[in-house]
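Here are my notes on this one, as promised. Have the viewer open while you go through the points.

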Amino acid sequence: MTENRSNHSDSDNLGTLAILWHGDYLALLDQRQLPDQEIWLTFTDARTVANAIRDMVVRGAPAIGISAAYGVVLAARQSKDAGHWKFDIEAAVDMLAQSRPTAVNLFWALERMKTRLQACQSAAEAIANLTGEAEAIHAEDVAANQLMGRHALAIMGEEPMAVLTHCNTGALATGGYGTALGVVRSLWRANRLTRVYADETRPWLQGSRLTAWELQQEGIPVTLNADSAAAQILRQGDVRWVIVGADRITANGDVANKIGTYSLAILARHHGVRFMVVAPSSTVDMALASGSDIPIEERDGTEVRAVRGVAIAPEGVEVYNPVFDVTPAELIDAIVTENGVIERPDRESMKAMFPARV
């Protein structure tokens, strides 16, 4: 179901929100339609939420986790009159877990929901407790994003600067404010940002469709560039930091993020530009030793052979379409989470920041 809604900002200046919880249904801004149309889709069951995650209605690791948590609540609401309510909710959790394989936030959020479910003795208790847990996950993400912005500014220097970013890591990809784009917002509000260069981010064009649009909504100066122009931009010397998000960070500090991030890190190191990863601690997976252990999602080649339904390549040509790549820790200058900043990340510094997870 679609509904018309405008939500460019809220009173806390969190940016353009993409997830709204209404107590008995979930509303998601259909990010496949931006920037041409602002269409909100509404969801009342877990299966359609899982489809929305899989089909990229909602994207961005934190936003996926939040949406999945609300999907569990919807499953609880649907199973309230059934004698096998707990089984139905657990089945919904398993289904949601299969929607995307790489972003660990999805599994982290679902694990929190499963833990909360196990203590419930009735369907009514499950609805109340799971609703509270999903709302807490959502609120914690927003608070973490704002805190990460403050942590990042503390290491970036006082002089105004240009930055370059990849994919979309703003309010659209999170519960609000953003991770890497949250740092951009913080820089702008501190009068320390001159310009954002936004990679277009093939093949889904999240940079051109989403990041450029999101920044324009707030009047933040943004220049859109083809991914292949990043080296030339960094060579000019205006950019001081490349700032990206993450979908999974392993125990040694390796980072999985949108395809193209690894090449940006190499370019940044060559040009003497510092490279920052910004992600909530829910993105950290200390159970995986290194980036080689991260499952990398591959999607259909149609996404590369065509842009929004218009063919740009020979029909049937073979396509390699990984959604993510892995940036080695040695190319990263700083990982910023709400827990603090890890400069020059390695196994020991990761362990020191997240001792309880080892």
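1. Start at Leu130: leaving out residues up to four places away in sequence, its contacts are Val72, Val73, Ala76, Ile89, Met113, Arg116 and Leu117. Contact here means heavy atoms within 4.5 Å. Bear in mind that this is a predicted model, where local features need pLDDT of at least 70, side-chain atom pairs count only at pLDDT 80 or more, and totals for chains, interfaces and linings use all residues. Numbering runs from 1 along each chain as its sequence is written, and side-chain values use heavy atoms, with hydrogens and water left out.

2. Buried means under 20% relative accessible area, exposed over 50%, and partly exposed in between (1.4 Å probe, protein chains only).

3. Have a look at α9 (residues 261–270), where Thr261, Leu264, Ala265 and Ala268 are buried. They sit on the same side of α9, because they cover an arc of only 100 degrees around the axis; the arc is that of the directions from the helix axis to the C-beta atoms. Just after α9, Gly272 has a positive phi of about 70 degrees.

4. Most residues other than glycine have a negative phi, and most peptide bonds are trans. The Leu34 to Pro35 bond is cis, with omega near 0 degrees, and Pro35 is in the loop between β3 (26–29) and β4 (40–43). Arg202 to Pro203 is cis too, with omega near 5 degrees; Pro203 is in the loop between β6 (193–199) and α7 (206–217).

5. Buried or exposed: which is Tyr177? Tyr177 is buried, at 6% relative accessible area, and has a positive phi of about 80 degrees although it is not a glycine. Arg344 also has a positive phi, near 50 degrees, but counts as exposed at 59% relative accessibility.

Notes. Helices (H or I, at least four residues) and strands (E, at least two) are DSSP runs, numbered from the N terminus.
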